[in-house]
Amino acid sequence: GGGTQTANLIYDDGTPSSGYYWPGNGQGSANRMTPTLTNATLTQMEIYFTGVNSGSATYKPIVHANNGGQPGNSLVNLNFKTASSTPAWDVTNLSSHNIVVNDDFFVGLTYDGTNQPLYGYDTDNNGRAWDFDGTSWSSWNETYFIRATIQTLTSIAEISNEIPDKFELSFNYPNPFNPSTKFRY
């Protein structure tokens, strides 16, 4: 048997004040995620888009490992996709990729240099926002509307329902006993 535990990693208040975009190909942003479950798998990510600056709402979802507190190696290579509507949360299902997250990880997006969807942000600093200028990552002092969902399978130990064929409690030995005694059962 077994069950499933799911955790939504949400660090925003649900209402962005405005939206950002990057003009250059390969530039982007991400949020640092802290798993609240052990041996969890990343099942989905969501980005809130407030609108489109130019082109369409096409972007590339990204997932990066933690490297000393900042985004490190990419954990999956996803294709560019187009958000179905704005303003709205765009969900990317990651269940089939089996991305195990035991440490902080980063989810976000990069741009293709043509399409400029606006991802939501607030001016509050939640200490989780990161930007990629095309060369290197740096932290940013705002809140990005980027979320993740993780899941872990919980196993349930099987309990034997076998019935013993007899029950017996033998006499203790040695008897009488001084410092200790033994019982066979």
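This is a predicted model: local features need pLDDT of at least 70, side-chain atom pairs count only at pLDDT 80 or more; totals for chains, interfaces and linings use all residues.
Residues are numbered from 1 along each chain as its sequence is written, and side-chain values use heavy atoms, with hydrogens and water left out.

**Charged pairs**

- D12 forms a salt bridge with R147, with the closest N and O atoms 2.6 Å apart.
- D12 sits in the loop between β1 (2-9) and β2 (18-20) and R147 in strand β15 (residues 146-155), so this pair ties together parts that are 135 residues apart in sequence. Strands (E, at least two residues) are DSSP runs, numbered from the N terminus.
- D12 counts as buried at 12% relative accessibility, and R147 counts as buried at 13%. Buried means under 20% relative accessible area, exposed over 50%, and partly exposed in between (1.4 Å probe, protein chains only).
- R32 and D104 meet through their side chains in a salt bridge of 3.0 Å, N to O. R32 is in strand β3 (residues 25-33) and D104 is in the loop between β9 (99-101) and β10 (105-112), 72 residues apart.
- D104 is buried, with a relative accessible area of 17%.
- K81 and D90 form a salt bridge as well, at 2.9 Å from N to O, and D90 is buried at 7% relative accessibility.

**Nonpolar cores**

- The largest nonpolar core has 30 residues, and L42, V63, F105, V107 and I150 have the most contacts inside it. A nonpolar core is a set of buried Ala, Val, Leu, Ile, Met, Phe, Trp, Tyr and Cys residues joined through side-chain atoms within 4.5 Å.
- Elements that give two or more residues to this core include β4 (40-54), β5 (58-67) and β11 (116-122); β4 gives the most, with 5 residues.
- Leaving out residues up to four places away in sequence, V63 touches L42, M45 and F105, among others. Contact means heavy atoms within 4.5 Å.
- A second, separate core of 6 residues includes A30, F106, W130 and F132.

**A look at N8**

- N8 lies in strand β1 and is exposed, with a relative accessible area of 52%.
- Beyond its neighbours within four places in sequence, N8 is in contact with A148 and T149.
- The side chains of N8 and T149 are joined by a polar contact of 3.0 Å. A polar contact is a pair of N or O atoms within 3.5 Å; within protein, one must be able to donate a hydrogen and the other to accept it, and residues adjacent in sequence count only if both atoms are side-chain atoms.

Key:
A salt bridge is a side-chain nitrogen of Lys or Arg within 4 Å of a carboxyl oxygen of Asp or Glu. Helices (H or I, at least four residues) and strands (E, at least two) are DSSP runs, numbered from the N terminus.
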